[in-house]
Amino acid sequence: LPARTVQIARSLLLQSAGSIPHNGGAHLSASALSSLDLLDIHKTKSSRAVKLIDLYYDSKAKLIQGLLNRLTSPSNTKSGTGAGENDDVSTRSFGSKFNAAAPDTATTAEEILSRIVLILQHDIILFPYQIFVLRKFSCHGNNADTDAVKVIMDSLPEFNVQVLQSKASHFLAAHLPLIRTKVKSVLKSIAGTTASALGQIRQSLYDKTDGVDCMKSLDANGVCTWDEAVAAIIDVRIVTHGTSLSQGTDTPRTAPSSSTSQQSQSSNRFSLWSALFSNTFSSLVHSLLTSAFHSVHTRVVSTLRNSLANAPPLTSILPHEAYRNTLRIATELDAALLKVSDDAHELLVHAEEREESERRLRQSLYVQTCEIMGRLLSELRRMLLITSNSDDVDGPATATKELIVGRLCHLMKFRLTSLATLLDPNSSPAVLASSMSTAAQGSGMAVGGGIGGVIGGKSGMITLLELRSAFDIADDDDDGLISFDEAMEAMSSAFSGTQFHGAAMVRDTLLLHSSSSSTATNASTSASKGATGIGESSSSGNSSPQNVTLSELALLSARGLRHDVSGPESALGTIQRSLDDIVSTCFGKWAKVVLGPQTVGMQTSMLEFVETARSVSEAEWKRRFDLAGNDIDGTKTVGHVSPHVVGYILSVASILNRSVCPSDALPPVPNTKYAVAMGISCDSGGFESIPNMMRTIRWALLVETLTRLSASLEEKTDDESEATLVDIGKFCTPAIIQLLSDVMFIKDMFFRRNCHGFPTEIAKIVDYDDEEEMEISKVEASKVVLEEMVNASSSQLAECTILNMDDTYHEIEETHQMSAMACDLYFSSLLGDDVSATAQSVLTGDGHLAPSQLGASSDSPALSHNPLPSSRRFVLLPIQSERSLNELQLRSKYGMDKKKQAEAREDTTAASAVRSGFGLLSSMFKKN
C-alpha cells in the first residue's frame, strides 16, 4: 500500500495542475507532496523542505520536457519514443491526439504551447507560492474548507522563501530559453505554409499570457493575485539572464531587442509573453522575411534565366514577345513583394502590441527590401558581364540577353509599385534610431541593441559619404567596381566603431555562405545557385564576375546606413539610379551588336572612299562619280550624299522599327504623382517627358550611330596609339567637297534634324588633349570630331582659288535637302519630323519638290513625289486574338444577324397582310 501511494503521488506531480478545474490543482499537488513526505522513511528534519521543493520542480521539468518532445517531433510520439514512464496519463492522451491530428500542425502546436503556458503560470509560479509561502489554497473551489487545507499543511515542513525563489528563478532561467528555441523551430515550419496560422497562434498565446481575461482568471483564485506571486517567487535578474528579456541572440537584426518601455518595466513586472514569445515572434518574422525574400530572388532570377535560355535568336525575336515576357517577370516580382508584405502584416493580429510590432515589421521590411533589390541589381548587372572564354561576347546571343535584361530593368523602374510602400522613409532604421535617441535622451536612459540602436545617445549608423570613402579606397582602378573580398574589407572599415559587422553584412546579404537554414524554399539546388550567383555558369562555361558597385553596397548595408529621405541618395532613388545604369548599359551594348553588320559595311565603304580619294586624280574622281558632265564654267558641283552614309542611317531606322512595339510608345507612368511616388524626377515637361521604352531604344541607336560615324572619320597610324582625323591633304578637291558634304549631312541630321535629342546621362570617355584628362560624353566627343573635320575640309577648300565657297555651301545644302526629302518617311521614325523653315521651303503647296530646286524649268514635271508623313510606325503584329474575344464577336455578329432576319420577317408579314387585306376588300367590292 505505501508503494502504491507513492506511485499515485508521483503521477499527480507529473500532471498539469493548472488544467484541473476549480483551482483544484494546488490541493492535489499539496496532497501529493504531503503523502511523499509522510511515507519517506529516510527523511531528515533539516532537508525535508529542500527535498520536497526539488522533487516538485523536477517533476514539472519532466512534464515540460515531454511536451517539448512531442512539440518538436510529432512523428516520433509513438509508444516508446519521446514518452517516458513518468509521463502522466493526460500527457500520453494528448500525445495520441497529436499523432491523430498530425496534418493539422498549427492547431496541435497551439494546443501544446497553451498547455506549456498553463504549466508555467500555475505549476511553476502561482501554486508554489500558495503552497510553500502562503500555506493556503483553494480546495476544489471551496475557499471555506480551511480544515482540509490545515491538515495537509500541518504535515508539511516550513519552507524557506529565499530557497523557493532561487529554485523557481533558476528553473525558469534554464527552461525559458529551451522552450523559446524549440518553439521558434516549430513556428517557423508552420509559418512556411501560411502566415495566417502563425498569426492565430500569436493571438492565442498573447491572450493566454498577457491578455486581460487571462490576468482576471489568474487573480480570481481567491487566495492571491498574479503580481503577488510573481513578486515573491521570481527573481527577475536571475530569470532574465540569457533570456529574451535581456539582450539575447534571438533579437532580430532589423529591430531593437525590446522597446524602451518594456526595458524600463522589466524589473517591476515579469511577463511570460515578453520572456517567451514577444521577441521570439519578432525574430521569427525576420527569419521568415529573410526566407521569403530569398525565395522571391530565386524565383525571379530562375525565371529570367529560363527566358534567356529559351529566347529565340536576335534576328527572330519579336518586340511584343520580349515585352510580354519581361512584363510578366516584373509583375510577378511586384506581386511577390506585396504578398510577402501582406503575409507579414497578418501576424499583427493583436491590438495590444500592434504599434510596437508594426514598427519593427516596417523596419524589417525596409531593410529586407533594400537587401533583395541590391542583391537582384547586382545579379542582373553581373549577368551581363561575362568573363569571356567564348567567341560570342559581342555576338547575337549577348545582344539578346542585353535586350531582355534591359527591357526588364526598364519595366522594374516603373512597375514595382510595392517599393513605394516598402521603402517608406519613415520606416528606415535611421529615422527610427533618431526617434529612439530622442526618447532615450528625454528619459535619461541609453538604449542599445539591434539596428538603429542608440549607444550613449548616439546612433551607430554611418552615412553614404563614409561608405563612399571606404569604397574609393578599395577601388584601385577607379572603374566603379570592387570584388567581394574588397567589399568586405571596405565594409569592415566603414562600419568600424559601430555595433555592425561590415564583412558579415556582405556575406549575409550576398548569400556568400552556405547554410541549410538560410532559406526555406522548395527551389532546386541549381536554381538556388543561379539565384545567388555563386557557382553559376552559362552554357559556354563562363561565369559572371563577383563584384559590386557603390549603389549596390548602399542597398546591401541598409541596416546600418542612413539613407536620405528623398532624392537620388534615398533607398528608392538608389534603386532607380542603378536601374537606369543597367538600362543604358544594356541598350548601349545591344545597339553595338545589332548595328554590327551595318557598321562593318559602312566602315568598309568609308575606307574605300578614303583610299580612292588619295589615289585618283580629280578628273578620274569626276568620271567615277558622274560629276564631269555637271561642270559648268569651271565651278565644281556637289554630288549626292554618299550612299554608305544615307544607307547606314536608313538601316538604323529600319532596326528601330523592327525593335519596338506599340506598347513601347506609351508613357511609362500615368501621371506626375505616380512618378514622384516611385522616386522618379520630372522636369518642366511633366511626366510625359519621362523616357519611355521607344525613346530609350532610339537614344541607344542614335548614340551608337553617331559614335560609329564619327569614328569612321578617324584612323590610327603605326606610330600613334590614339586615333586621329583622316589626313585629307592628299585628297583631290571633289573628294574633299564630297567628304565635307557627308560630314555636314551627318551633323545636320543628328544635331538639327534630331527632334528627340540625346540622353543626359551617357557613359563617359577620357580625352587626353593637351595632356589634361577630361571626361566628355560620347555625343560631345563625336560632335567635336565632326566639327574638326568640317573645319579641316573648309580650310583645305579655302586654299582653292577657283572655288566659290558660298556657292559650294549652297549646293551642299540643296543636296542635303533632296536626300532628306527622299528618305523622310524613314528618317522621321528615327529623327522625328523635319519642321524647319529650310526643309519646308523646298516643298510646293501640293507636296511636290519645287522644280527650281532641281535646276529644271517650271514646265518640267516633278521628278519625285514626297510621301505623306505616316502616323503608323509599326508593322501589323501577327498576334492571335483571344478566344473569348472571338467568341464575343461571333455572338454579337450572330445576334445582329438574327435581329435583321426578324426585322425582315416582320416586314414581309406586314406587307403580305396588307396585300391580303386589299385583296379581300376588292373581292367584297366585286361581289357587291
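The points below take the helix pairs in turn and then the cores.

1. The model is predicted: local features need pLDDT of at least 70, side-chain atom pairs count only at pLDDT 80 or more, and totals for chains, interfaces and linings use all residues. Residues are numbered from 1 along each chain as its sequence is written, and side-chain values use heavy atoms, leaving out hydrogens and water.

2. Helix α27 (residues 643-659) and helix α29 (residues 693-711) have axes that come within 10 Å and cross at roughly 160°. This makes α27 roughly antiparallel to α29 (angles over 145 degrees count as such). Tyr648, Val652, Ile655, Leu656 and Ser659 in α27 meet Ile697, Arg698, Leu701, Thr705, Arg708 and Leu709 in α29 (contact means heavy atoms within 4.5 Å).

3. α27 also packs against helix α30 (residues 733-753), at an angle of about 25° with the axes 10 Å apart. The two helices, α27 and α30, are therefore roughly parallel (angles under 35 degrees). On the α27 side the contact involves Val645, Val646 and Ile649; on the α30 side, Asp742, Phe745, Ile746 and Phe750.

4. The largest nonpolar core has 120 residues, of which Leu380, Met412, Trp590, Leu701 and Phe731 touch the most other members. Such a core is a set of buried Ala, Val, Leu, Ile, Met, Phe, Trp, Tyr and Cys residues joined through side-chain atoms within 4.5 Å; buried means under 20% relative accessible area with a 1.4 Å probe, protein chains only.

5. Beyond neighbours within four places in sequence, Trp590 contacts Leu314, Ala399, Glu402, Leu403, Ile655, Ser659, Ile697 and Leu701.

Note on methods: Axes fitted to C-alpha atoms, helices over the stretch in contact; angles between N-to-C directions. Helix = DSSP H or I, 4+ residues; strand = E, 2+ residues; numbered from the N terminus. Parallel < 35°, antiparallel > 145°, perpendicular 65-115°, else oblique. Buried < 20%, exposed > 50% of the residue type's maximum accessible area, 1.4 Å probe, protein only.
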